[in-house]
Amino acid sequence: MFRKNLFLLYSLGLFALSLLGLNGKAQAFCGFYVAKADTKLFNQASKVVLVRDEDRTVITMVSDYQGETKDFAMVVPVPSVLQKNQIHVTENKIIDHLDAYTAPRLVEYFDEDPCQVRRYETMELGSLPMAASSLSDKETRNKTLGVTIEASYTVGEYDILILSAKESQGLETWLKENGYKVPEGASEVLQSYLKQDMKFFVAKVNLKEKTKLGTSYLRPLQMAFESKKFMLPIRLGTVNAKDKQELFIFALSRKGRVESTNYRTIKIPSGQEIPLYIEKEFGSFYKAMFETANQKESSPSVFLEYAWDMAWCDPCAADPLSKDELRELGVFWVEPNSPKPQGRILPISGAQDVFVTRLHVSYDQKTFPEDLKFQTTGDRENFQGRYVLRHPWEGKTSECQEAKKYFKDLPKRFEQEAQNLAKLTRWDIHEIRNQMAAKGQSFKMEKNKNWWEDLWKGEDEKK
């Protein structure tokens with residue numbers, strides 16, 4: 001009996017398989033950052049970090065596996081046989097920092113006193129016990145199946161094999177005989193990678209090494225290699241997935257923005273002013289907004305959520321990563337042992353030679369039949385998914401003529417905010433208005449007086 005069904009590492013659509021028979025608010029220059037939409041908002045969501053410069057690539061794979069660590073295993077297509085020093089284990093906190101730094105954010109601004117006539121501006125794996133058979137028997141069996149173990153390593157808490165195979169049926173049989181439950185439909189996908197002369201990176205948890213660490217989670221695995229192809233193999237992970245999976249890609253490059261070449265890369269809606277009550281509901285807002293944006297596209301799309309030079313931001317959801325953190329993620333062109341940037345906003349002249357792109361993909365086998373392919377561009381234009389809360393001025397209409405006009409125009413502005421939110425999320429406009437009114441954003445407009453009503457007001461008061 002299989003204890004678990006296939007578990008997918010959603011970040012790469014990685015082939016994670018079960019084993020047989022095993023039991024304060026941060027102030028920015030032109031506003032206040034108040035909330036962020038990080039990857040934790042989404043179910044079945046995980047992360048991969050891509051470092052790319054010319055043909056050199058470093059991939060960091062973040063496991064979202066939940067369950068017994070002894071049941072964890074994964075298979076990832078790779079372009080070549082990796083040496084041990086091309087494989088590394090890092091810490092989750094660095095990826096969490098990168099996630100927080102690039103997350104779409106909610107910011108707030110406060111209207112200035114209209115009587116000052118100031119213009120409002122928006123700036124702003126335990127290794128399995130070997131079966132009782134001789135090594136020569138296993139080698140003979142592997143040869144019969146056309147499977148070759150090219151390399152075997154223990155790196156951190158993982159036992160790793162690098163496999164090559166002559167055809168998918170033999171590889172599929174090898175996986176099953178060595179304790180993996182292969183989903184229906186995997187053979188065709190495996191064969192497509194074999195035709196590209198790709199190898200297979202197989203990892204299991206080494207329980208002994210895992211116990212030494214004393215941690216309850218699995219650390220991210222990293223691979224460094226050279227390849228002319230800049231891609232992520234996602235198809236294996238969609239073979240038996242019932243629902244769409246959320247993939248967050250953090251690409252670090254030397255030149256500029258990273259974009260998909262075989263699917264459209266489009267910017268997430270950004271910059272809209274939305275009602276104040278969304279401050280308490282930003283998570284549900286962002287998920288609804290992203291789903292709506294996805295549904296509006298006529299073809300599968302990769303969404304750009306963030307693109308910025310890594311050393312400054314406006315507003316910042318987190319401090320930029322230090323050079324040591326970048327180096328740990330595989331940014332090999334950055335010198336190590338440099339101090340962490342101080343403060344939340346640095347002048348652009350102080351930007352590091354690293355450009356970060358955050359991409360978000362919601363995919364399944366039907367909508368994304370191909371692996372993701374990328375290119376690095378020279379585009380260094382900054383972009384962020386950002387949504388604005390604009391607090392009204394709290395003065396009185398009697399203070400000046402400009403104040404009267406300001407308050408007269410507020411209901412019209414509130415209505416525009418309501419329309420913005422309804423358009424972004426497809427939420428009911430009437431419910432939005434009710435929520436706004438309950439939070440003090442009233443739609444009541446002052447009744448227009450007839451032109452003569454104030455004409456003799458002064459004279460009447462004298463009488």
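The side chains of Asp-379 and Arg-257 come together in a salt bridge, 3.7 Å from N to O (a side-chain nitrogen of Lys or Arg within 4 Å of a carboxyl oxygen of Asp or Glu). This pair links distant parts of the chain, 122 residues apart: Asp-379 sits in the loop between β19 (372–376) and β20 (383–384), and Arg-257 in the loop between β14 and β15. Helices (H or I, at least four residues) and strands (E, at least two) are DSSP runs numbered from the N terminus. Arg-257 is buried at 8% relative accessible area, whereas Asp-379, at 31%, is partly exposed; buried means under 20%, exposed over 50% and partly exposed in between (1.4 Å probe, protein chains only).

The model is predicted, with local features needing pLDDT of at least 70 and side-chain atom pairs pLDDT 80 or more, while totals for chains, interfaces and linings use all residues. Residues are numbered from 1 along each chain as its sequence is written, and side-chain values use heavy atoms, leaving out hydrogens and water.

The structure holds 20 salt bridges in total. Another of them joins Arg-141 to Glu-177, with the closest N and O atoms 2.4 Å apart. Arg-141 belongs to helix α2 (residues 135–145) and Glu-177 to helix α3 (residues 168–177), so the pair ties together parts 36 residues apart in sequence.
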